[in-house]
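Please examine the sequence and the model shown below.

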Amino acid sequence: MGAALICLGALVWLLGGRHYGMRRARLLMAGGGVVATGLPGWEQARARLVRLRGRLGAEWWALGVGLVIALLGASVIPVVAAAAGVPVLRRVRLARRARSARERRADAVIALCGALAGEVRAGRQPGDALLRAARDSGGLGDAQATVVAAARFGGDVPGALAAAARQPGAEGLLGLATCWRVAVDQGAGLAAGLDRLDGALRAERDQRADLRAQLAGARATAVLLAALPALGLLLGSAMGADPLRVLLHSGAGFACLTAGAVFEAAGTWWAVRIVRGAESV
């Protein structure tokens, strides 16, 4: 524990004081007013830690936790387990990031439909209205340049919108492409179709949000059950039972640890599968 605290303090000191002399010299050479003589505050050290975490990824901090547990239990098993869990945690983080990006893109598509309907209702031509709406909402994502070029130079706007709809979360652009094609080919009102599309997309988003709120209790229960083994270890350590020594340095304890880890992983996977299955209905 003492070694872990010393390492943590050295890390904070290095991150907080690194390049401080260089910054001071640059300010003095540039004639930049009064330079503080004290060390940078905890806010700067915290910002450096946040940037370091963003570069490394949150899953790599599992190695630090495994190292601390290995020091407390005098065993290399927690470090090996933490290293094996890094790819799993990375996959979870990337899946969560992809889900957030998909939700943001879906919201941007809804904003695009609403803005485009407003521009068309205000009397603008469909091409000019799409240019303005795309610039304001950003709902086209990576394919915005292609759609904007098609709208500006008289290209295949529905085809570009259909191609942009292949992005996760941008499926609503297929409805926009259909409305555009019907309005151009048959002379139907584009604003009325966009209003109906906007209402349908909003209703679908509200339904997903309501379902997510209903599943929040089940998700919290799964997280609590997954955290119970760690709570048991803490309680055992507080009572003086030394559970780490029993689990890591005895045959029966290691067998219990292996069986518990397998059952814990299986239960967590099953709970996540149930929640995702309910969300996809």
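Where is S75 found? In this predicted model, S75 is found in the loop that runs between helix 4 (61-73) and helix 5. Is its position buried or exposed? With a relative accessibility of 12%, S75 falls under the 20% limit and therefore counts as buried.

The surroundings of S75 can be described through its contacts. A polar atom of the S75 side chain lies 3.3 Å from the backbone nitrogen of I77. When residues up to four places away in sequence are set aside, S75 touches A70, L248 and H249.

The largest nonpolar core comprises 35 residues, and L116, L173 and L176 have the most contacts inside it. Two or more residues are given to this core by each of helix 5 (77-121), helix 6 (126-137), helix 7 (144-152), helix 8 (157-164), helix 9 (172-186) and helix 10 (190-214). Helix 5 supplies the largest share, namely seven residues.

Where does the kink in helix 11 lie? A kink of about 35° is located at L228, shortly before the proline P229. After helix 11 comes G240, whose phi is positive, near 85°.

Conventions
Residues numbered from 1 in each chain as written. Predicted model: local features only at pLDDT ≥ 70, side-chain atom pairs only at ≥ 80, totals over all residues. Heavy atoms only, no water. Bend = angle between axes of the 7 residues up to and from the residue. Helix = DSSP H or I, 4+ residues; strand = E, 2+ residues; numbered from the N terminus. Core = buried A, V, L, I, M, F, W, Y, C linked by side-chain atoms within 4.5 Å. Buried < 20%, exposed > 50% of the residue type's maximum accessible area, 1.4 Å probe, protein only. Polar contact = N/O pair within 3.5 Å; in protein donor to acceptor, adjacent residues only side chain to side chain. Contact = heavy atoms within 4.5 Å.
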